[in-house]
Amino acid sequence: MAGGGAAQPMTVVGAKATKGQEYYAFGLITSLFFLWGFSYGLLDVLNKHFQGFFGITKLQSTGLQVAYFGAYIVYSPVAGAFISKFGYKKGIYMGLTLYAAGAMGFFGSARGETFGGFCGSSFVIASGLATLEVCANSYITVLGSPEQAAFRLNFAQSFNGLASFIGPLIASKYFFSAENEHSLGTVQYVYIAVAALGVAIGVLFFFSTLPEITEQDMAEFQAEATGADERPFWKRWWCILGFVTQFMYVGAQVTVASFVLNYLTDKNDFTSSRASQLFSFMQITFTVARFASTPLLRLVKPATLLTVYGSMCTIFSIIACATGGKAGLASLYIIFFFESIIYPTTFTLATQDMGIYTKRAAGLLCIGVGGGAAFPPMQGAMADGTSTQLSYIIPAIGFSFVTAYGAIMMRYMANKERNALVGARVETGLEKDFGGDVKHSEVQY
């Protein structure tokens, strides 16, 4: 029957999870968002650091982003298949193991001073993060009522932003200080700490009892929210279009961040250390915006908010491209503000109503993170050929896809709600006509 009842409690090895277990699971899963926010925050700063240390071009330095985000394209399907077969908890173990191994690879690459080693280690650490993201995003989405899925995911991902500004702060002090600007000594010790953090979180998961969400749970989750849906995966167009949007958005987000330090230092407006500090402030802006914007999802429909935020990112990317200086700097801050809820909101819209295909949809959306491997080389080539400032037209293209997807989903959701209302009225009329004997009525949309 069309309409939204409360979601059923999730299964814990044959029993139903209590609210306390769900809240504890939510807290543990949220810690994973902190991991990849911290890792991603360090990555963009290393891009600039390696340009100076290894004497490579901006385009060559994007090898880090290609390796890191390319892992999402290669490994997300593997992670999705593994999780479908063995469950979320074992998937998390695999992800944390790869994460810690990749971090230790950074340690070895720093000692050996090999850029190729850093790229390889980036691939390993990102394979772990891709696994964790497939687990965490879909798990958070179905861990509770369907109506609050976007709110839960945005709140959990706020801790991603909280961690992402710590990386540039560490870099401004240890990577770009006078004695370390041309050294990799501090890099190796930072990544030992990163590996230790991954191991510590793995220990917490080992001694916890996570509610295991089965495919049957996901089918019931959808039935409670919108009624049964027998369509095959490939006919659920909102998920396929969401994947394309996620690919374009992540590409735009990553390439904006990858060249912030170059944007601020190319014309000698700021030193590398000061630019790294300003970048950390942009990440703080992103974090504050996500915490501030998440409550809006209780008041404004997610697709509407996505359209507005995507439009603002598009507009101010064009302004950053056209102006530079203080106006360009202000535009970057505004872009970081309006990026805040785009990824989790797109993920929630694209994976809604997927039923038994929820894990597969989550894997597809995580492959979309691979956009971060495609955009930086394009912007790097343009920055080398023209200027970093002009190259900021590249992310504007990616952000425009977000605006379009939000507008399409606004119309889709409006039609869906209208059809559900008509169905409810038809069912109420039938119950009155037949004296309440009608047991079930479905309206397809």
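**Terms and their grounds**

Modeller: Threonine 265 is found in helix α11 (residues 260-265), where helices (H or I, at least four residues) and strands (E, at least two) are DSSP runs numbered from the N terminus. The model is predicted: local features need pLDDT of at least 70, side-chain atom pairs count only at pLDDT 80 or more, and totals for chains, interfaces and linings use all residues. Residues are numbered from 1 along each chain as its sequence is written, and side-chain values use heavy atoms, with hydrogens and water left out.

Colleague: Why is threonine 265 called buried?

Modeller: Its relative accessible area is 10%, and buried means under 20%, exposed over 50% and partly exposed in between (1.4 Å probe, protein chains only). Threonine 265 is therefore buried.

Colleague: What lies 2.7 Å from a polar atom of the side chain of threonine 265?

Modeller: The backbone oxygen of leucine 261 lies at that distance. A polar contact is a pair of N or O atoms within 3.5 Å; within protein, one must be able to donate a hydrogen and the other to accept it, and residues adjacent in sequence count only if both atoms are side-chain atoms. Leaving aside residues up to four places away in sequence, threonine 265 also touches Lys48, Phe270, Thr271, Ser272 and Ala275, contact meaning heavy atoms within 4.5 Å.

Colleague: Why does glutamate 113 count as partly exposed?

Modeller: Glutamate 113 has a relative accessible area of 47%, so it is partly exposed. This residue is in the loop between α4 (88-112) and α5 (115-142), and it has a positive phi of about 55° although it is not a glycine.

Colleague: What makes serine 280 buried?

Modeller: A relative accessible area of 0% places serine 280 in the buried class. Serine 280 belongs to helix α12. Its C-alpha atom is separated by 9.8 Å from that of valine 45, 235 residues apart along the chain.

Colleague: Why is threonine 348 counted as buried?

Modeller: Its relative accessibility is 10%, so threonine 348 counts as buried. Threonine 348 is in helix α15 (residues 342-351), and its C-alpha is 8.6 Å from that of asparagine 137, although 211 residues separate them in sequence.

Colleague: At what angle do the axes of α12 and α14 cross?

Modeller: The axes of helix α12 (residues 272-293) and α14 cross at roughly 35° and come within 7 Å. Axes are lines fitted to C-alpha atoms, for helices over the stretch in contact, and angles run from 0 to 180 degrees between N-to-C directions. This crossing is right-handed; the term applies if the near helix is turned clockwise from the far one by less than a right angle, and left-handed if anticlockwise.

Colleague: How many nonpolar residues does the contact of α12 with α14 have?

Modeller: By class, that contact has eleven nonpolar, two polar and one charged residues. Ala, Val, Leu, Ile, Met, Phe, Trp, Tyr, Cys and Pro count as nonpolar, Asp, Glu, Lys and Arg as charged, and the others, Gly among them, as polar.

Colleague: Which handedness has the crossing of α10 and α14?

Modeller: That crossing is left-handed. Tyr249, Gln253, Val256 and Ala257 of α10 make the contact with Ile335, Phe336 and Glu339 of α14.

Colleague: What percentage of the protein chain do buried residues make up?

Modeller: Buried residues make up 57% of the 445 residues.
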